[in-house]
Amino acid sequence: MITETAFAVVGVLLVLADLRATLSQVYHSLYLGLALPNAIVGGVALAILGGSFAALGLAWLGGRRAIGTSATVLAGATLLLSATRAQWPDLVIGAVACAAGLSWLALIHVSRVPEGRSPLPVALPLALAIDLALRVALNQSVLDLPVPASLAIVLAACLLFLGAGLVTLAREREWAVPSWRGALGLFALPPLLLVAETGGLNAAQVAGSARLGLGPEEAGSTERVALLVGLAAGAALVALARGAPRMRVAAAVALAAGATLIWLRVPVLSLAGAATAFGCVAGAALLVSEEERTAGSPARGVVALAFGWLLFGAAAFMHFAFYDFLPVLAAATLLAAVTVLLVP
């Protein structure tokens with residue numbers, strides 16, 4: 001179980017890094033570089049995220065081979081991204097990394113050993129908390145570091161990822177299928193991650209909303225806000241580990257109330273928006289916590305998550321293309337908060 005959790009945690013970290021790098025590259029290469037219309041840029045981003053449907057084809061290989069193939073491609077493509085700094089090759093490599101990573105994420109959730117459970121309810125919140133800590137400590141994504149540092153960190157992560165994967169995939173695995181409410185949880189997971197990226201686990205966004213880190217106050221205010229966000233994320237991990245009662249209600253309220261405070265941008269008061277971090281970390285675990293039943297096909301879970309990634313892309317496109325368009329974030333937050341309450 002520990003090895004499978006490590007496999008899942010490192011894999012989620014690789015997927016998050018690849019998504020940030022690739023979608024950023026799409027924007028800089030196509031919109032800023034070639035001055036293409038927003039519609040084309042958004043279409044390319046959706047096509048990349050649509051690579052998650054590749055999991056349906058990989059599933060024909062069987063659970064172990066499908067996960068092993070997607071994990072190997074994910075590790076190899078991420079390693080190449082850390083070593084290259086070429087605009088167009090990075091875009092192609094990133095698209096491959098995203099397709100493999102999103103497929104791996106779906107497959108590792110809907111495939112498990114007999115009488116086992118998905119590692120994601122434990123791995124997702126841990127990965128989100130570690131990702132937050134890394135971004136605050138490095139002040140940027142690992143893939144944006146100088147090549148020697150980026151390559152060393154990613155190589156170590158990939159070796160751990162593949163090593164844990166070999167142990168994890170040593171046993172036979174079987175497909176599992178979520179209920180319709182469980183499928184709704186998978187559909188809402190990517191929008192929840194968008195909420196986390198644009199505020200919930202983005203310390204700089206929380207600080208800016210509270211009008212801190214903008215001057216003339218002393219240096220370090222953003223870092224103190226990052227500590228506050230980290231404490232909220234850590235509180236979610238502790239509450240999940242202890243099985244705190246009414247976690248679903250607490251996560252939904254933290255998501256809705258915290259995000260609202262961030263959007264209102266009230267000096268100092270919006271610091272309470274750090275509570276969104278609690279909702280994002282706890283909500284991510286709760287959305288994938290259903291005990292699924294054995295099935296002959298993983299299609300329902302894979303398709304639900306894949307359509308969620310398309311919604312992620314559409315919402316992100318509308319938010320940034322229309323310059324901080326808040327209604328789309330409100331809709332994503334509402335979907336995530338309500339679904340947290342509904343998933344069994």
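User: What is the strand order in the open sheet of three strands, and which are the edge strands?
Analyst: This is a predicted model. Pairing in the open sheet is antiparallel, and the order is E1-E2-E3. Two strands pair on one side only, which marks them as the edges: strand E1 (111-112) and strand E3 (293-294).

User: Which residue in E3 is the bridge partner of Ala176?
Analyst: Strand E2 covers residues 174-177 and runs antiparallel to E3. Two bridges join E2 to E3. In E3, the partner of Ala176 is Thr294.

User: Which residues does Trp104 contact, beyond its neighbours within four places in sequence?
Analyst: Trp104 is among the residues with the most contacts inside the largest nonpolar core. Phe161 is also in that group. With sequence neighbours within four places left aside, the contacts of Trp104 are Phe7, Ala8, Gly11, Val12, Val15, Ile67, Ser70, Ala71, Leu74 and Phe161.

User: Is Ser29 buried or exposed?
Analyst: Ser29 sits in helix H1, which spans residues 2-33. Apart from neighbours within four places in sequence, Ser29 contacts Leu34, Gln87 and Trp88. Its relative accessible area is 0%, and the cut-off for burial is under 20%, so Ser29 is buried.

User: Which helices each supply at least two residues of the lining of the second largest pocket?
Analyst: The second largest pocket holds about 300 Å³ of space. Its lining has 19 residues, and those nearest the centre are Leu13, Ala17, Leu134, Val142 and Ile153. The helices that each supply at least two lining residues are H1, helix H6 (120-138) and helix H7 (147-168).

User: How many lining residues of the second largest pocket are nonpolar?
Analyst: The lining counts 19 residues. Three of them are polar and three are charged. The nonpolar residues number 13.

User: Where is Asn139, and what is its phi?
Analyst: Asn139 lies in the loop between H6 and H7. Its relative accessibility is 69%, over the 50% cut-off, so Asn139 counts as exposed. Asn139 is not a glycine, yet its phi is positive, at about 65°.

User: Is Arg265 buried, partly exposed or exposed?
Analyst: Arg265 is in the loop between H11 and helix H12 (275-287). Its phi is positive, about 55°, although Arg265 is not a glycine. The relative accessible area is 27%, between the cut-offs of 20% and 50%, so Arg265 is partly exposed.

User: Which residues does Leu255 contact, beyond its neighbours within four places in sequence?
Analyst: Leu255 belongs to helix H11 (residues 247-264). Leu255 counts as buried because its relative accessibility is 0%. Setting aside neighbours within four places in sequence, its contacts are Leu192, Val195, Thr276, Gly279, Cys280, Thr333, Ala336 and Ala337.

User: What distance separates the C-alpha atoms of Leu255 and Ala236?
Analyst: Leu255 and Ala236 are 19 residues apart along the chain. Their C-alpha atoms are separated by 12 Å.

Methods: Residues are numbered from 1 along each chain as its sequence is written. This is a predicted model: local features need pLDDT of at least 70, side-chain atom pairs count only at pLDDT 80 or more; totals for chains, interfaces and linings use all residues. Side-chain values use heavy atoms; hydrogens and water are left out. Helices (H or I, at least four residues) and strands (E, at least two) are DSSP runs, numbered from the N terminus. Buried means under 20% relative accessible area, exposed over 50%, partly exposed in between (1.4 Å probe, protein chains only). Contact means heavy atoms within 4.5 Å. On a 1 Å grid over the protein atoms alone, a cavity is a set of points where a 1.4 Å probe fits but cannot get out, and a pocket is an open set with protein on both sides within 12 Å along at least five of seven lines; lining residues have an atom within 4 Å of a point. Grid points are joined across faces, edges and corners, and a volume is the space filled by probe spheres set on the points. Ala, Val, Leu, Ile, Met, Phe, Trp, Tyr, Cys and Pro count as nonpolar, Asp, Glu, Lys and Arg as charged, and the others, Gly among them, as polar. A nonpolar core is a set of buried Ala, Val, Leu, Ile, Met, Phe, Trp, Tyr and Cys residues joined through side-chain atoms within 4.5 Å. Two strands pair if DSSP finds at least two bridges between them.
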